[in-house]
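Dear colleague,

Please read the notes with the model open beside them.

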Amino acid sequence: MNVANLQLEGLLMAVASINHLLVKKGVLTAEEIDLALRKVEAGETSQERSEGMSASSRDAVSFPIRLLELANQCQPEADMPSFSKLARMVGQIKEPYNDQM
């Protein structure tokens with residue numbers, strides 16, 4: 001596996017863990033984190049931003065955001081699913097884009 005991919009896996013799981021802790025400590029709610037992630041995904045997949053991008057490139061941009069959204073849905077008391085489990089879940093819930101190229 002590419003070392004950069006492993007670094008990204010570690011970074012995503014670290015951010016997911018920090019988000020989990022922020023919710024557990026009451027600094028942010030899961031809903032606030034979810035809203036922030038939805039806003040950034042909407043911006044990154046907007047027609048203006050993704051014009052000329054293939055669907056697979058848009059999926060690549062959306063993947064980390066969607067993974068963090070799924071991790072955010074875990075209850076603060078629950079253990080965080082593994083990266084591979086979260087990645088599979090992202091693939092299972094992926095919806096097609098409205099403007100297929």
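Which residues line the largest cavity? Before the answer, a word on conventions: this is a predicted model, in which local features need pLDDT of at least 70 and side-chain atom pairs count only at pLDDT 80 or more, while totals for chains, interfaces and linings use all residues. Residues are numbered from 1 along each chain as its sequence is written, and side-chain values use heavy atoms, with hydrogens and water left out.

The lining of the largest cavity consists of Ala-16, Asn-19, His-20, Val-23, Ala-30, Ala-71, Asn-72, Cys-74 and Pro-76. Helix H1 (3-24) and H4 are the elements that give two or more residues to this lining (helices being DSSP runs of H or I with at least four residues, numbered from the N terminus), and H1 gives the most, with four residues. A cavity here is a set of points on a 1 Å grid, over the protein atoms alone, where a 1.4 Å probe fits but cannot get out, and lining residues have an atom within 4 Å of a point. The count comes to one cavity of 30 Å³ or more, and the space in the largest cavity is about 50 Å³, a volume being the space filled by probe spheres set on points joined across faces, edges and corners. By class, its lining has six nonpolar, three polar and no charged residues (Ala, Val, Leu, Ile, Met, Phe, Trp, Tyr, Cys and Pro count as nonpolar, Asp, Glu, Lys and Arg as charged, and the others, Gly among them, as polar).

H1 and H4 also pack against each other, at an angle of about 35° and with their axes 10 Å apart (axes are lines fitted to C-alpha atoms over the stretch in contact, and angles run from 0 to 180 degrees between N-to-C directions). Their contact (heavy atoms within 4.5 Å) includes Ala-16 and Val-23 of H1 and Ala-71 and Asn-72 of H4, and its residues divide into ten nonpolar, one polar and no charged.

The structure holds one aromatic pair (ring centres of Phe, Tyr or Trp, the last by its six-membered ring, within 6.5 Å; planes under 30 degrees apart count as stacked, over 60 as edge-to-face and the rest as tilted). The ring centres of Phe-63 and Phe-83 lie 6.1 Å apart with the planes at 70°, so the pair is edge-to-face. Phe-63 is in helix H4 and Phe-83 in helix H5 (residues 83-93), and the pair links distant parts of the chain, 20 residues apart.

With best regards

Methods
On a 1 Å grid over the protein atoms alone, a cavity is a set of points where a 1.4 Å probe fits but cannot get out, and a pocket is an open set with protein on both sides within 12 Å along at least five of seven lines; lining residues have an atom within 4 Å of a point.
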